[in-house]
Amino acid sequence: NLAQSDLVAFNAHLEHRVRDRTRELSEKHEQMAEELRMARELQFALLPQEYPVVATQEGAKESALDFLSFFFPSGDVSGDFFTVFPLGHQAAGIIICDVMGHGVRAALITGMVRVLVEEHAHTVSDPGELLTRINQGLTAILKQAVATMFATCFYLVADVEKQELRYANAGHPPPLRVRQGAGQTSVDWLPESRAGGPAMGLFGEAAYSTITTRMAPGDLIVLYTDGLFEVENEAGRILTQDDLLAIALRHAALPPEELLARIVTEVRTFSQTSAFEDDVCVVGVQVKVPETNENPA
């Protein structure tokens, strides 16, 4: 029967086409997965691999500041970004950034922010002015895109010589200040850090102001992205910034690395998940307590 043989031949041809198409899609999927793995490796490689020595006096080998960080991308690539860099011998700059959304598009914008930081950070000393320039550059790029995108950012300068912190905020969550000096512990927000300008990439004319406050031996400043606290539990309650402060207060007497680890653990316990739904980045800088050479009585 000719019609039946034609149908058999057509089915065989169709099955062959389906197998070929399935193989092509599988190969493309593997290629995309490999490219995302490489992009993830590159993102991690661009994060600080070592931290600067910020000394109380030029030539000293011991740093007056200790740095630590946690970085948890929610997917293959992240919309969070941070960097730490020296500003002369007696100061360091810490920038943390969170791009709207996550995935490849957000990761591309973190790359843009990184380039803008590297372009301006060593020629602009004022934190507010640096964020203003980064915003101008980012807005100029993003206005050519169809979708609205933005990035929150916090820039902190820890100045050992002047014993002060200078910082500016572009729509970012306020850092925590943990005070561990003089046998007492306390946790509060970095003064006036809850105020600031809008997120970057939205308004090219936005100007950001700089806040200055004293820093004391034992101070630990914790910068983080909103993925750390905007988590929901089974009852539908969302962890707030004040909840985060309360968690930090419970563990304020611990060494910095253990303190940050406890915060992360409690947030995960609250959400009852082993992984974060959003990218999470946490960066800490502690002012070391000077060692004394006095012999005990």
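How many cavities of 30 Å³ or more does the count come to by this rule? One; the tour ends there.

The model is predicted, so local features need pLDDT of at least 70 and side-chain atom pairs count only at pLDDT 80 or more, while totals for chains, interfaces and linings use all residues. Residues are numbered from 1 along each chain as its sequence is written, and side-chain values use heavy atoms, without hydrogens and water.

In the order 2-3-4-5-8 they form an open, antiparallel sheet; pairing takes at least two DSSP bridges between two strands. Strand 2 (80-86) and strand 8 (211-214) are the edges, each pairing on one side only.

Next, show strand 3 (91-99), which is joined to strand 2 by seven bridges. One place to look is proline 86, whose bridge partner in strand 3 is alanine 92.

**The cavity.** Select Leu176, Val222, Tyr224, Leu228, Leu244, Leu260, Ile263, Val264 and Val282, the lining of the largest cavity. On a 1 Å grid over the protein atoms alone, a cavity is a set of points where a 1.4 Å probe fits but cannot get out, and lining residues have an atom within 4 Å of a point. Helix 5 (256-271) and strand 9 (220-224) each supply at least two lining residues; helix 5 gives the largest share, three.

How values were computed: Helix = DSSP H or I, 4+ residues; strand = E, 2+ residues; numbered from the N terminus. 1 Å grid on protein atoms, 1.4 Å probe; cavity = no way out; pocket = protein on both sides within 12 Å on 5 of 7 lines; lining within 4 Å. Points joined across faces, edges and corners; volume = space filled by probe spheres on them.
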